[in-house]
Structures are given as C-alpha cells and as structure tokens.
Amino acid sequence: MTTTERRGGAASAATPSGAARGGTRAPAGAGVRVEDLTWRPYGRSRPVLSGLDLTIEPGERVLLAGPSGSGKSTLLRAVAGLLLTADSGDLSGSVTIDGQAPQDRPGSVGLVLQDPGSGVVASTIGRDVAFGLENVELPRGEMPPRVAATLAEVGLTMAADSPPAALSGGESQRLALAGALAMEPSVLLLDEPTAMLDAATAGSVRGLVDVVTRERGLTLVVVEHRLTGWVDLVDRLVVLDAEGAVLADGPPVAVLHEHAGRLVAEGIWVPGWPEPEPLEIALTPWPSGAAAAGLVRRDDVVVAARDVTVEHRTRRLGAESRTTTAVSDVDLEVRAGRVLSLVGPSGSGKTSLMGALGGLSAPTSGRVDVASALTPANGPPPPHDWASTDLAKVVAWVPQRSASALLGRTVRDDVLTTPRALGQDAAVSGRRADEVLAALGLDRLGAVDPRHLSGGEQRRLAVAAAILHGPALLLADEPTVGQDRLTWAAVMGILEASRDEGAALVLTTHDEGAIGRADETLHLSTPPPRPPPETPERRPLVARVGPLALLAVGLSVLPLPALLETWRQGLAVLGVEVLLGLIGLVAPGPGRRPSGRVRGVLTRLAPAALAVLGVAWSAWLLGGRDVEVASGAGLRVLCLVVPSAFVVGYLDPERLGDHLAQRLRLPPRPVVAATAALQRVQSFDALWDELMKTRRVRGVRADRGLVARLREAVVVTGGLLIGALGQAATLALAMDARGFAEARRRTWAAEATWRVADTVAIIAGVAVVAAGFAARLLLPA
C-alpha cells in the first residue's frame, strides 16, 4: 500500500525482559581503558587515531560522536580487540577491559556492526544467536533456553528456525543485538545502530538498548552521527574532532551547553539546532543537447510506473525456494526538476521500486513508461531492455551499498567513467569533475584508489559519479547515510544542483531533513506476506540424506576417470548415475509436489558443459581428430560432475560443518570458517547482479560481441572477488566479535546424526564406482 504527500561473557546471566527497569542488580559492566592508542591503516599517510586516551567506568553509558572520518568506528573495533581482524596497518598503545586485553576475555565485549545483515553467520536466527555460545563452549543442552530467553528479551517472537533474510531492518538490528547479548558481555558496543532505520523503528531499538543495558548493568558505548534520541539515555558524551582527538567529554547536557556552537561547526548533529542548508553549487553547464537533463520540460513526466509489482525469488542451499512480494500494484509519476522521496519501514520495497523505475530490473507485472524525448532512437522498449549507453545517458544510480558503484582505478577516473563512455566533451566533464569533487571534499583524494576510501567518502563519490554526466533521472538509495552536517549539506547541494539542471530525482531515505526538502513523498508499506501453503512441499529422497553422506557421494566418483577407457564405458556409467540421480529426486509421501528438481540439476550442469566440451575438443585435436577419443574424454568428465549436480543443491553448508567437526573430528576453526564462507557463496549471484547493474547504468556494459562479453566477465569477476574479500573481512569481524578468534575448542548447537538414508546414499555412490569396474570388464576397449 502507498500514500502520497505533495508539497512545494561476564558474570551475570540474562534477565527476563519483564524485569523492572533500573532494578537493584549490581552493575555487571566492566571498565575500559584506552591508553596512547594510535592507528594508521594501510594506504593512509596520516593516522586515524593518534595518541588517544580514554577511560570508561564500569556500567557507564557513553555516546561517541564526531564528524565523518574521525575514527569512531575504529575506536569501537579497538575496544573489541578487532582492529587487525579485517584491516592492516600500524597499531600502538593499549586497550584493556578490567585490566585485561579484550582477546583474553572471550565474550566480554559485544560488538554490533553498522550493517547487521553483513554480520549474520548462520542460516537461522536461533543458530545465529547460538554462534557465540558455541565459541565459549557452552554445553549444548544449555543453549536452547539461553537462545530463547535472549530472543524474547530483544522482542523477536518468530520461530528460531526462521531465516535471517526474512527479517526487516529493525528485526535484523534486534538479531544482531541478541547475538551479542547471548554471550552475557560486560561491555556492549553499538556502531550506528539506527542509521538505516525509519524513525519509529529507530526509537524502538533505542528503547530496547536502554532497557537491556540498565537491567544488565552493562557498560555501553554507542557511535552515532545524530545525537537526538540518545543524549537522554547516556551518562556521558565524548566527541572526537576531525583528527581523531577528544574535542569534548562530559555529561551530555553540559557538553552540549558549553560546546554546541563548536560541535555544529565540526559537523556534529546537535539536538535542537536547525537542519543545515544545502550548499549552493553551480556546475559548468553542458552544451545544449549534450546531456539528458533538461530534455524534458520542468514538471513534465520523466518516468511513470503503471500498476507495478516486483517479486523476488530466493533459494538457500538445502532449503525450499521462497518468493516474496517487494512492491505491489504501485502507480507513480516522476517529474522533471522535482524531488520525490520514497519512505517507509525497512522491507517496504523502496529499493525494488527504484530499480524498476530506472530499468535496473524488470517488474514482475505492470509497466514502466519513459518520456518519448528520452527513449532510444530505435524504438521505445521498456527501460530494462535498453542498451547500456542508452540507459546511462538517461538514468543514474547511487546504490545503497556504495562500494559496488566503484569502477575507476582512481577517484577522478571513477567520476569520469560515464562521461567518457557517452563520448561527452572532455573539457566540460573535467571542469564538472573538479567542481563536484571539491564540493564533496574529495578533491584532495583524486589520485587515490576509491577502494581505500571510508564508507562515507565512497557514498559521496557515488553521488558525484551519478550526477556528473547530467542524467534526466537520478535514483539515490539512502544518499545521506553516514554523513555529518557538513558533508550532508554538500551531498544535498549536489543533488539539488542536478535537480536544477532539469533532472527528476528519486530518493529512498529515512532522513527527515532530506524528506523535508522533497517536492513529493510516497509512503510505502510492507506488502502482506504470502499465505503459507495449506500443505507442505514433499521432500525428495536426496533431501533426506545428511550432508556428510551427500559429500561422500560427490567424492566417491573420483576414481572413474582412471577406470573408464572408452566412450561406451562412460555412457554406461553415466546411465547408472542418471538413473540413481532421478530416483533420488523422487518425492514420495503426502504434500505438494516439489517443482524445479530436474531444472535445477540441468542449471547446475550448464557450467560443467563448457568444461566437457573443452576437454572433448582438446582430446579431438590431440588424438588425431578421432571422435571416439573425444567422446570418451568428454564422458569421463561428465561422469565426474553429474553426481555433484544432483546432490549439491541439497547440501546445507551449516549442517555439513556440524558433521565434519562432530563425526570426522576435523579441527573446528577451519570447518566453521569454511562453512561460513559457503553460506556467503550463495550471495555471489546477488553481488554479481549488482556489479553488472552498475556497469550497465554507467554505460560500460558489453551489450554485444562475444569477445567483449568475455573480457567484461573477467573484469566483473575481479570486482566480484574484491567484493567477496570485503564481505569476508566483515564476516571475520562479526565472527571474531563473538569469540571465534579465541575459540580453540567449541561446542555445537546442533547434533550431527547419521540416518538410514545416509547409508543408502553411500551404497549408491559405491554402486556407481562398481558400475565403472563392471563396464571396464564387460565393455573392453
């Protein structure tokens, strides 16, 4: 539904959530001491923190503020003992928790990252909360009540086997908080816990933090750019300046009364002060007709959504696919020279609607119409079918995950990517680049690799790159997140400069200041979930097999290439594999018939088909162009991969880790790290899709030509690996924040059981190898 407005590990145990606020329990918090802390990350000439000293008393509640880049998040990671987990650099000084290094007290410090979804380490919310308990060797029998009590304490009432992907933004924050609280820490660190939330959800999260920390007596350190809502909940306000030094420190009321003016000048969002005015930025205009902005008359429709619905289909390994409705039956018009803000709770479909409007993705139903003055010369297809350069001329996109928008080797190259792809005037684009980078405070970083920028700097770079070529439609997904007052004014000034050039702007935002400057606001609500099916889906036989047995089946066929000599032998064994695989796909019993079983196998075989063809071709060339030799070589490879194609779709990485560690007694650390990485592999398709969308909307997507597409695939694969490394670093940070770094031994929340179906699967794998021996004897070369 939509509505529219128009304008111009410590000592104490978990306490039940009903405990009285401010009860008589003795404080369970620990003291924190930071002495002469200096940190200079790799690639930076100056330290982020230099000689910092800070003491926090047990049970004290501290709000840590400062301008963008002042080292707030760095200080939190230092207190958690995690500075070197996901980054490298020069570190000196010391941090202690009650006189001990944080690493020496696993579970004593709970850290909740700014993006809670990036720190999810398990496939269900119950197992995610239990992850820290496993690391501190809590007995399995004690985990379920601890997990249930913690989930209830943070207000998560859904079943413990619910997937984290189904949670809203506020629920994800509560899950992250539950993961930290389950370990019963004495210090709780929160990194901008409400930055990505709407006002109501942010208020509920603040209230939850207030209640939990008071009831448990925890030491609390919260990092936030916007102080409103927090100053009444804390005992102390510490403000860092742009150099990472303490600018002000004391009771919040006293600090704000004495230093308010200076804090505002430093860019701090001081409660009670008016929103800053956007900077007035004059950009060098494009010659007439050189840019799409201005081709549609002001207030005329640039793009319109007609009865648009967007659905997303997801599937986790070893689980049923899920279809969710992100946007339902939306009608919307976006007009030139005007700003439309999309608002609503997390999960209400703002990003999905924006993607459909800009041709970044196709709507499931309905249509998107673009003004005739902007459609390509060869016809008016829907924008999701436009060529890359056609789309880039009209549309620009600032993604919510700004790291995925980086294409250039330097900051300046990145900003100029789209003008160069469109063949725009180099002199004009160069002057505009200088003006935009200077306005956003990035001019001194023009020669820096954009991947070395901070998160806030990357977001400003994404805004700069989006507006430079003069698009007619600018889509900005949370463009002001993580900005202080000064950089907020610069970002809003750049966006409004694009509007003044004639662009239509669509912003998704929870920022009241940005909403207040919009000409129109569309309120989105979360579509109702699809009702669950009346009968559950039947499970194929292969889905009833444990992960260790499935892995064994996939590995059991490794001897086949050495056994098979001719194509007849290979064909016979392939027939046995396919027969057994199809039997495994049978789904007996009551319930709905599962769909897509054979299609899934064929999809997984598609990449392997290239390897089969490559091997067959090589054998044909090297074997005297003998078709039988080539067929035999190709079939040997096919026999090797077919069993895996049948079983891998039903192999749950998390359960596999349980079995490898408990049944095979493999070392827990590599097992957990590997299974967590496998969980992340499932998100690679989404990351690939995001990178390709970025290239397409920036005008550099290879729309035709096999060689060009292969070259692009190599480039995007490199970007995928870089993105994967970034995700891995964040995941490592989240895991180590819950005691994984110190977990030489651990317990396991789930038991690894061996069933009759596992033994049957092993017998099937042995039967395939036996078929190989039989084929060699009965069908000799």
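1. **Strand β13 and its partners.** The model is predicted. The β13–β17 pairing is parallel and counts four bridges; β17 covers residues 504–508. On β18 (residues 520–524), β13 has another parallel partner, again joined by four bridges. There, Leu340 has Glu520 as its bridge partner.

2. **Burial of β13.** β13 spans residues 339–343, and five of its five residues are buried, so the strand is largely enclosed by the rest of the structure. Val339, Ser341 and Val343 are on one side. Leu340 and Leu342 are on the other. Both faces are covered. In a regular strand, side chains alternate between the two faces of the sheet.

3. **The six-strand sheet.** What is the strand order in the open sheet of six strands? It reads β6-β7-β8-β4-β9-β10, with mixed pairing. β6 and β10 (246–250) are the edge strands; each has a single partner strand, so one side of each lacks a neighbour in the sheet. Neighbouring strands are turned by 15 degrees against each other on average, direction ignored.

4. **Strand β7 in that sheet.** β7 covers residues 187–191 and is mostly covered, with five of its five residues buried. Val187, Leu189 and Asp191 point one way, while Leu188 and Leu190 point the other way. β7 pairs in the parallel sense with β6 (residues 109–112) over four bridges. In that pairing, Leu111 stands opposite Leu189. β7 also runs parallel to β8 (residues 219–223), and five bridges join them. Asp191 has Val223 of β8 as its bridge partner.

5. Which hand does the β-α-β unit of β7, α5 and β8 have? It is right-handed. The helix, α5, runs over residues 199–216.

6. **β4, β9 and the helices on the sheet.** β4 (residues 61–65) and β9 (residues 236–240) run parallel and are joined by four bridges. α1 lies across β4, β6, β7, β8 and β9, and runs at about 155 degrees to β7. α5 packs on the sheet too, touching β4, β7 and β8. Its direction makes about 140 degrees with that of β4.

7. **The three-strand sheet.** An open sheet of three strands has the order β3-β2-β5, with antiparallel pairing. β3 (49–56) and β5 (89–97) stand at the edges with a single partner strand each, so one side of each has no neighbour in the sheet. The twist averages 15 degrees from one strand to the next. β2 (residues 32–41) and β5 pair over eight bridges in the antiparallel sense. In β5, Thr96 is the bridge partner of Arg33.

8. α1 (residues 72–79) lies across β2, β3 and β5. Its direction is at about 120 degrees to β2. α1 also lies across strands of the six-strand sheet, including β4 and β9.

9. **The α2/α3 crossing.** The axes of α2 (residues 125–135) and α3 (residues 143–153) come within 10 Å and cross at roughly 120 degrees. The crossing is right-handed. On the α2 side, contact is made by Ile125, Gly126, Val129, Ala130, Leu133 and Glu134. On the α3 side, the residues are Met143, Arg146, Val147, Thr150 and Leu151.

10. **Glu457.** Is Glu457 buried or exposed? The side chain belongs to a residue of helix α12 (residues 455–467). Glu457 has a relative accessible area of 9%. Buried means under 20%, so Glu457 counts as buried. Leaving aside neighbours within four places in sequence, Glu457 is in contact with Arg44, Leu442, Arg444 and Leu445.

11. An unreviewed UniProt entry lists residues 541–564, 571–589, 601–621, 633–651, 713–735 and 756–779 as "transmembrane region". Two of these spans can be set beside the model. Residues 601–621 are 100% helix and 0% strand, with end C-alpha atoms 30 Å apart. Residues 756–779 are 96% helix and 0% strand, and their end C-alpha atoms lie 34 Å apart.

Terms used: Residues are numbered from 1 along each chain as its sequence is written. This is a predicted model: local features need pLDDT of at least 70, side-chain atom pairs count only at pLDDT 80 or more; totals for chains, interfaces and linings use all residues. Side-chain values use heavy atoms; hydrogens and water are left out. Buried means under 20% relative accessible area, exposed over 50%, partly exposed in between (1.4 Å probe, protein chains only). Helices (H or I, at least four residues) and strands (E, at least two) are DSSP runs, numbered from the N terminus. Two strands pair if DSSP finds at least two bridges between them. A crossover is right-handed if, with the strands pointing away from the viewer, the path from the first strand over the helix to the second runs clockwise. Axes are lines fitted to C-alpha atoms, for helices over the stretch in contact, and angles run from 0 to 180 degrees between N-to-C directions. Contact means heavy atoms within 4.5 Å. UniProt positions are given in the numbering used here, feature names are shortened, and annotations may be inferred rather than shown by experiment. A crossing is left-handed if the near helix is turned anticlockwise from the far one by less than a right angle, and right-handed if clockwise.
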